[in-house]
Amino acid sequence: MSAIHVPSDPAADARLLADFAELSAIGSTPPAGVERQAATAEDGRSRTWLAGWLTERGFHVSCDRIGNQFGLCELTPGAPYVLAGSHLDSQPRGGRFDGAYGVLAAAHATDRLRRHYRDTGTPPRFNLGVVNWFNEEGCRFKPSMMGSGVFTGALSLETARTTTDSGGVSAADALAAIDGLGESDVFGDARTVHSYAEIHIEQGRELDKAGLPLGLVDATWAANKYEISVLGAQAHTGATAMADRQDALYGAALAVVAVRELADRFGTALHTSCGQLTVYPNSPVVVAREVHLHLDLRSPSDTLLAEADALLRQQFAEIEVKADVRIERRFAHTWTGQSYPPAGVALAQAVVADLGVGAMPVKTRAGHDSTNMKNIVPTVMLFIPSVDGISHAEAEFTRDEDLCTGVDVLTETLARILDGALDPQAARVA
């Protein structure tokens, strides 16, 4: 059993919960949710709050060219950084725990370690940083995980900055409006990242059902996200004969049902959804000429996902004939099922064992910024329970004791990384 660097402290827990309540008040909605879509005024207020919190504790705060917000604490001059964080943006009328808890947990964990190393006088091998990734949710600007995608090279900076929302506002202009757009990269040749850790609510029911406070994420599900256009012909809802209609909304409805029936066919091994639908001309007396919608398929098996994708193409062909429409499909975002670095999983297992915290391995069905980060640096991903598995909704809830336990585990995990528990070779971020 290894020594614990920063023991659990009830006073620290109280400060965490008080800060979480203060952060949750920004963009709050009446049933205890939040609405802070990326680069809105509410998101800007949460970023300002975080910057103030970090600055008061001696962190240097800056943003990069896609709006990722960093709070850096240099403990060992010239050494690479161990980053921890998540995201402050939310879904429309979303939950207050999703992402925001991970950012605040990282802030509290890194500050505990800052004080620990200051008081002991022993510098660690690496420096510490907190990160609030821009537009993880992908509801205002697509795709999701945009900020970490640019940071890791999975998405080009130009593509991300010029992406527009439904009103035609670009991500770059929206960030500039909230003073969230940096003029240069925060990391590069002179400042590098050694590793990354993230803690997040599970957004599923496995931990809640098992009665365990911690999940050790060892793999991610594969996902295919699509942009679909169903194209028909505009017509009069009363005068046009039914046999003559090319109703795009009817075709879209059949597509939504087909996607759900795919999930029924494969059982728990496939999750499907239709998350957004836009109808043109959207008049009560006009047969729709055009419908745009977003679909996604997710599975722990790349093979099963490919099979489901092929079946979906076949069903779309049948819908085109039945509804007399044309369906255009484009991939919006896709990733294969991948494992998290075994060394990070083993480290987290050792930490929870030494802290006496009950835990189990879990797979993440949702995408997270760690999904991108694990491809460039050693990464640890942790989950805490979501009561009844509810997420992306105002009813999202996690118990106070689990919030506090999560920060204890993250703090010790970061401390051991700072001591060299993971590969000490720094990775360059282009």
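Phe70, Tyr81, Trp133, Phe151, Phe187 and Tyr196 form one aromatic cluster, where rings of Phe, Tyr and Trp (its six-membered ring) pair if their centres lie within 6.5 Å, and where planes under 30 degrees apart count as stacked, over 60 as edge-to-face and the rest as tilted. This is a predicted model, in which local features need pLDDT of at least 70 and side-chain atom pairs count only at pLDDT 80 or more, while totals for chains, interfaces and linings use all residues. Residues are numbered from 1 along each chain as its sequence is written, and side-chain values use heavy atoms, with hydrogens and water left out.

**Aromatic pairs**
- Searching the whole structure gives eleven aromatic pairs.
- In one of them, the ring centres of Trp133 and Phe151 are 5.2 Å apart with the planes at 65 degrees, so this pair is edge-to-face.
- Because Trp133 lies in the loop between β6 (127-132) and α4 (146-152) and Phe151 in helix α4, the pair ties together parts that are 18 residues apart in sequence; helices (H or I, at least four residues) and strands (E, at least two) are DSSP runs, numbered from the N terminus.
- Phe151 also forms an edge-to-face pair with Phe187, at 6.0 Å centre to centre and 85 degrees between the planes.
- Phe151 has a relative accessible area of 8% and is therefore buried, and Phe187, at 5%, counts as buried too; buried means under 20% relative accessible area, exposed over 50%, and partly exposed in between (1.4 Å probe, protein chains only).

**Charges over rings**
- The charged end of Arg57 sits over the ring of Trp53, 3.8 Å from its centre, the criterion being that NZ of Lys or CZ of Arg is within 6 Å of the ring centre and within 35 degrees of the ring normal.
- The charged end of Lys374 likewise sits over the ring of Tyr340, 5.8 Å from its centre.

**Cysteines**
- The whole structure holds zero disulfides, a disulfide being a pair of cysteine sulfur atoms within 2.5 Å.
- For Cys139, the nearest cysteine sulfur is that of Cys274, 16 Å away.

**Helix α10**
- The 14 residues of helix α10 (residues 342-355) should span 20 Å at 1.5 Å a residue, which agrees with end C-alpha atoms 20 Å apart; the expected span is 1.5 Å times one less than the number of residues.
- The buried residues of α10 pack against β8 (214-220), β16 (359-364), β17 (379-384) and α12 (400-418), with contact meaning heavy atoms within 4.5 Å.
- Just after α10, Gly356 takes a positive phi of about 70 degrees.
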